[in-house]
Amino acid sequence: MKRAFMAILKRDLAVASRAGGGGELALVFFLTMVVLVPFALGPDLNLLSRIGPAILWLGALLSVMIGLDRLFQSDEEDGSLDLIRASALPLELAVLAKGLAHWLTTGLPLALVSPLLGLLVALPGEGVLPLVATLLVGTPALSFIGAGGAALAASLKRGGLIVPVLVAPLTVPVLIFGVSAANAAVGGTVPFLTPFLILCAISLGAIVVGTVAAAVALRSAE
Amino acid sequence: MRRSRGFYRAIPRSALDERNELERICGSAGLKPALFQPTSLHVEDLACRRGGRLIFEGLSFVLRPGEAIALTGRNGAGKSSLIAMLCGRLRPDGGRIRLGGSDDEAELAEISHLVGHRDGLKTALTARENLAFARDVLGDAAATPDEALAVVGLGHAAELPAGYLSAGQRRRVALARLLVSRRPYWLLDEPLSALDVASQAMVAGLMRDHLADGGAILAATHGPLGLEGAGEVRIGP
């Protein structure tokens, strides 16, 4: 069972890292968005550094979402979802492996490059680590809430846009607490730890609920 | 020498010894050894409805170990739907599917191989990686990916991404999945489509070996399977 879990995880990482796998797509989108914002807002450094954490969080959220529709759809289309269904591994664990692989190839790299992009929005030095921390614990929630939505759209032939539409409202709490924790570190009104711990709780909850929901959706796909 | 030798060479030594021992005992008693648990598949009064339209109803048959059934019927008769029901992707709209015999608890999907219209290959991964994935996910490992590829005549293509293979070659990689993991039921949907004559004979050989091992095969097909003594279930008129 562990073997099947690792096989799914390894395969998804390999597919994402190969050409056209979409692993780098989220990163490029994140970069593009954060680079464009200062051009739109103008060179007001105070304004940029005040809204910097929010821009980075919003960029990360949208970047995670753009590749999400392919999470199960590509497996459904080429028939490898049938292989996974035929495994003795419970579908919940298969979803967990796929969600984990999705986070490792999107959320984790986004969190790791965010200090670099923080420079572009004049993020103060003391805000960098808290920002990375919030992205690290917050993006798993995005991957797994997204997995639930992606599973619903797995059997839709052209369900591309429906996944972000389904998922975006559910990610509002993640965005609120993620941004408020990141803001707290650069002089917000609330202490850092309160929203940060709530963010952790949301992520843990999302991993469980998203996994079970996606498995249910995949079972009743037709 | 039978084509299956390459396949059995792949089975771990202890399993091979066990099988030889079994063959010896059974041979002296005039019996044929079975590699699999003797379970039979019962389909009873099955009905299928797609999009509100009745596709078929009252379908009943029994698939016993060592038997093959060719599933025939015109396009749209519900052959693929029946296979989807058997592997649990579609819910029956009437009747039931059950496994008889000692393996009562097992889910059919977990003891059967499905090779359907979609080959189940990731185009970005090599043929070998695809088979290694199938082997790990399906469990009951038998032949290694390289051995299975050699049996289907694609030993030279192991390093190629599946996206570079032709339709027939992809189908053969999908069929090689039958060898990397040992499962008693083979559910095949048009297994011979896109295959050349030599490959069709190769697949027929694999199916004969599987039946000889006590496995069972249900294959939706339009042409002859190349199996003597295969039963036929016809859906629709």
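Q: How do you know that the length of helix α7 (residues 197-212) of chain B agrees with expectation?
A: The expected span of a helix is 1.5 Å times one less than its number of residues. The 16 residues of α7(B) should therefore span 22 Å, and its end C-alpha atoms are 23 Å apart, which agrees. This is a predicted model, in which local features need pLDDT of at least 70 and side-chain atom pairs count only at pLDDT 80 or more, while totals for chains, interfaces and linings use all residues. Residues are numbered from 1 along each chain as its sequence is written, and chains are lettered from A and ligands numbered from 1 in the order in which they are written.

Q: Which residues of α7(B) are buried?
A: A residue is buried if 20 or more other C-beta atoms, placed from the backbone, lie within 10 Å of its own, exposed if 12 or fewer, and partly exposed in between. In α7(B), the buried residues are B:V203, B:L206, B:M207 and B:H210.

Q: How do you know that the buried residues of α7(B) line one face?
A: The arc is taken from the directions that run from the helix axis to the C-beta atoms. Down the axis of α7(B), the buried residues fall within an arc of 100°, so they line one face of the helix. An α-helix has 3.6 residues a turn, so residues three or four places apart point the same way. On the other side of α7(B), B:V197 and B:A198 are exposed.

Q: What do the buried residues of α7(B) pack against, and what follows the helix?
A: Two residues are in contact if their C-beta atoms lie within 7 Å. The packing partners in chain B are β3 (68-72), α6 (167-180), β6 (185-189) and β7 (216-220). After α7(B) comes B:G214, with a positive phi near 90°.

Q: Is B:D140 buried, exposed or partly exposed, and why?
A: B:D140 has 13 C-beta neighbours inside 10 Å, so it counts as partly exposed. It lies in the loop between α4 (127-138) and α5 (145-151) of chain B. Its phi is positive, about 50°, although B:D140 is not a glycine.

Q: What makes B:L82 a buried residue?
A: There are 27 other C-beta atoms within 10 Å of B:L82, so it is buried. B:L82 is found in helix α3 (residues 79-86) of chain B. Leaving aside neighbours within four places in sequence, B:L82 is in contact with B:C48, B:L71 and B:I235. B:L82 and B:A220 are 138 residues apart in sequence, but 9.3 Å apart in space, C-alpha to C-alpha.

Q: How much of chain B is buried?
A: Buried residues make up 43% of its 237 residues.

Q: How do you know that the span of helix α2 (residues 25-41) of chain A is close to the expected one?
A: α2(A) has 17 residues and reaches 25 Å from its first C-alpha to its last, close to the 24 Å expected at 1.5 Å a residue. Its buried residues are A:A26, A:F29, A:F30, A:V34 and A:V37. Seen down the axis of α2(A), they fall within an arc of 125°, so they line one face of the helix. On the other side, A:V28, A:T32 and A:F39 are exposed. The buried residues of α2(A) pack against α3 and α6 (91-120) of chain A.

Q: Which residues of chain A meet where α3(A) meets α9(A)?
A: A:P53, A:A54, A:W57 and A:L61 in α3(A) meet A:L175, A:G178, A:V179, A:A182 and A:N183 in α9(A). Ala, Val, Leu, Ile, Met, Phe, Trp, Tyr, Cys and Pro count as nonpolar, Asp, Glu, Lys and Arg as charged, and the others, Gly among them, as polar. The residues of this contact divide into 7 nonpolar, 2 polar and no charged.

Q: How many residues of chain A are in contact with chain B?
A: 21 residues of chain A are in contact with 22 residues of chain B. On the side of chain A that touches chain B, α1(A) gives the most, with 7 residues. The residues of that side divide into 9 nonpolar, 5 polar and 7 charged.

Notes:
Helix = DSSP H or I, 4+ residues; strand = E, 2+ residues; numbered from the N terminus.
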